[in-house]
Amino acid sequence: MSATDYTNIKNIGRLFRRLADLGYIHPEEIPSIDLYMDQVTTFMDEHLKTSKRFDTDKILTKTMINNYAKNNLLPPPVKKKYSKDHMILLIFIYYMKNIMSIGDIQELLNPISEQYFDGKGEIPLTEIYLEIMNFLKQEQDGLFRYVKNEFRSSETLFCDTSADIPEEEREDLRRFAFICYLAFDVYLKKLMIETLIDDSKPAAKKGPESKSSEKASKKQ
């Protein structure tokens, strides 16, 4: 095994160990009692700390949570306290905010809040959260295998490039190509998310681009 191969194995191993260690908040870990703001931020920081890129990063701040309530992403607290359902919505927001706009998160979560928040629906919000998280955990291993295969495929790139290129430079190009692949994958999935959200909106709420697209499709 060459030194380069050994380094690559270590790099991909470290990548997947980090992904496997990402925090997942089980429903039973969420306190059943209502929490004050400081308790909410402390709980989130403790249970999602493995997703931080830097130690100084904050999972959720008081300002963020207040803004979510002001923008109708989150029902307001009752007597400055946040319920278990509040916590579940905050977890969804935390994961979504990295790739979705505030407006799109609002479009997605508002119907869930209106129908299921605070025991309104036929099933509790906790059960919805558990069903979704179990599904994601089941799919995680398959996703890891898929990305690992793509990483191995990227290792075959630039083999036919001029032999004058140092191996270290060739590895930098392969790393760049793999990151481009991941970025494009995220880009495509982001477009899918936006399309699904736009398609679920009533016609009156769709933007001008959506309406013009509908007219164009009718003409075809």
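A contact here means heavy atoms within 4.5 Å. By that count, residues 24 or more positions apart make up 63% of the chain's contacts with a separation of 6 or more. The model is predicted. Its chain has 220 residues, and 28% of them count as buried.

**Layout**
- The chain holds 8 helices and 2 strands.
- Starting at the N terminus, the order of elements is α-β-α-α-β-α-α-α-α-α.
- The accessible surface of the chain is about 14900 Å². Carbon and sulfur atoms account for 56% of that surface.

**Helix α2 and its cover**
- Helix α2 spans residues 37-47.
- Its buried residues are Met37, Val40, Thr41, Phe43, Met44 and Asp45.
- Two strands, β1 (35-36) and β2 (81-82), are among the elements that cover these buried residues.
- The cover also includes helices α3 (62-70) and α4 (84-96).

**Aromatic pairs**
- The structure contains 5 aromatic pairs.
- One of them joins Phe178 and Tyr181, with ring centres 6.1 Å apart and planes at 25°.
- This pair counts as stacked because the cut-off for stacking is under 30 degrees between planes.
- Both residues sit in helix α7 (residues 167-200). They are 3 residues apart, so about one helical turn separates them.
- In general, an α-helix has 3.6 residues a turn, so residues three or four places apart point the same way.
- Phe178 is buried, at 7% relative accessible area.
- Tyr181 is partly exposed, at 22%.

Definitions and conventions: Residues numbered from 1 in each chain as written. Predicted model: local features only at pLDDT ≥ 70, side-chain atom pairs only at ≥ 80, totals over all residues. Heavy atoms only, no water. Phe/Tyr/Trp six-rings, centres within 6.5 Å; stacked < 30°, edge-to-face > 60°. Helix = DSSP H or I, 4+ residues; strand = E, 2+ residues; numbered from the N terminus. Buried < 20%, exposed > 50% of the residue type's maximum accessible area, 1.4 Å probe, protein only. Areas by Shrake-Rupley, 256 points an atom, 1.4 Å probe, with all protein chains shown as cover.
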